[in-house]
Amino acid sequence: MRNSSSSGPPSSRKAAWLAGVRVTRRRHPGRPAAEVWQRWWAVGALGFGSLWVAVAFLVAPSGMADAIGFAHSPFQFEIACANVGFALLGFRAASASASARERLTCGLAAAFLWGAAAGHLHQWFAHGDHADGNTGGILANDLLIPTVVIALAARDLRRAGRAGRTGRTATGPARTARPVHRAARLRTHD
């Protein structure tokens with residue numbers, strides 16, 4: 001039987017997208033648009049989406065098991081705790097002090113959700129579990145969140161690498177007025 005009450009994570013994904021559009025238009029001139037999008041995906045979809053799932057499994061574990069199409073189990077508490085961890089990852093990745101490498105690491109940790117997606121697909125095809133909480137928005141959520149966060153972080157790291165090779169920082173011109181070549185530095189220290 002299908003249950004249409006599992007609309008939390010997809011709605012937080014929509015909110016992250018809308019907020020990203022708004023903030024991208026007014027972003028800091030030195031901050032790349034991809035970084036802004038990544039931070040909003042991290043806080044909206046991973047942070048608040050995972051927090052929503054954690055609270056739902058803590059407050060109404062029976063309703064969540066029914067929405068997924070699973071039997072009630074003490075394992076539901078572990079799912080809630082794991083989602084608290086993912087929420088913390090999302091909030092850390094969205095913080096202003098998080099580096100591109102930290103955001104990539106948070107995205108890679110969120111790749112755990114790909115494993116959850118594989119479980120949803122297995123339940124769908126092996127056992128015919130078509131509950132909304134198994135094959136609905138949560139399946140798209142589990143596939144998209146790590147994909148988007150990792151792709152945007154990798155893009156940011158590549159951009160930072162190119163900027164370093166050209167004498168520019170990732171967010172603007174180099175800090176020195178002109179580049180100093182290695183040979184010139186060696187001559188001054190002789």
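Student: Why is Asn83 called buried?

Tutor: Asn83 has a relative accessibility of 10%. The cut-off for buried is under 20%. The value falls under that cut-off, so Asn83 counts as buried. Bear in mind that the model is predicted.

Student: Where does Asn83 lie, and which residues does it touch beyond its sequence neighbours?

Tutor: Asn83 is part of helix H4. Leaving out residues up to four places away in sequence, Asn83 touches Ser50, Leu51, Val53 and Ala54. A touch here requires heavy atoms within 4.5 Å. Take Leu51: 32 residues separate it from Asn83 in sequence, yet their C-alpha atoms are 6.3 Å apart in space.

Student: What makes Trp124 partly exposed rather than buried or exposed?

Tutor: Its relative accessible area is 28%. Buried needs under 20% and exposed needs over 50%. The value sits in between, so Trp124 is partly exposed.

Student: Why is the Arg92 and Glu102 pair called a salt bridge?

Tutor: The two side chains meet at 2.8 Å, N to O. The definition asks for an Arg or Lys side-chain nitrogen within 4 Å of a carboxyl oxygen of Asp or Glu. The distance is within that limit, so the pair qualifies.

Student: What does that bridge tie together?

Tutor: Arg92 is in helix H4 (residues 75-94) and Glu102 in helix H5 (residues 100-110), so the bridge joins parts ten residues apart in sequence. Arg92 has a relative accessible area of 32%, and Glu102 has 30%. Both values lie between 20% and 50%, so both residues are partly exposed.

Student: How many salt bridges are found in the whole structure?

Tutor: There are two. Another pair is Asp156 with Arg103, at 2.2 Å, N to O. That value is also within 4 Å, so the pair qualifies. Asp156 sits in helix H8 and Arg103 in helix H5, 53 residues apart. Here Asp156 and Arg103 are both buried.

Student: What makes a group of residues the largest nonpolar core here, and which residues belong to it?

Tutor: A core requires buried residues of the listed nonpolar types, joined through side-chain atoms within 4.5 Å. Eleven residues make up the largest one: Ala34, Trp41, Ala45, Leu46, Phe86, Ala110, Leu113, Ile145, Val148, Val149 and Leu152. Beyond four places in sequence, Ile145 touches Trp41, Ala45, Leu46 and Leu113. A separate core has six residues, including Val53, Ala56, Ile68 and Ala80.

Student: Why would such side chains group at all?

Tutor: In soluble globular proteins, nonpolar side chains tend to be buried together.

Student: What volume does the largest pocket have, and which residues lie nearest its centre?

Tutor: The volume is about 680 Å³. The lining has 37 residues, and Phe57, Ile68, Ile79, Ala116 and His120 lie nearest the centre.

Student: How many helices and strands does the protein have?

Tutor: Nine helices and zero strands. Of its 190 residues, 38% count as buried. Among contacts between residues at least 6 apart in sequence, 68% join residues at least 24 apart.

Methods:
Residues are numbered from 1 along each chain as its sequence is written. This is a predicted model: local features need pLDDT of at least 70, side-chain atom pairs count only at pLDDT 80 or more; totals for chains, interfaces and linings use all residues. Side-chain values use heavy atoms; hydrogens and water are left out. Buried means under 20% relative accessible area, exposed over 50%, partly exposed in between (1.4 Å probe, protein chains only). Helices (H or I, at least four residues) and strands (E, at least two) are DSSP runs, numbered from the N terminus. On a 1 Å grid over the protein atoms alone, a cavity is a set of points where a 1.4 Å probe fits but cannot get out, and a pocket is an open set with protein on both sides within 12 Å along at least five of seven lines; lining residues have an atom within 4 Å of a point. Grid points are joined across faces, edges and corners, and a volume is the space filled by probe spheres set on the points.
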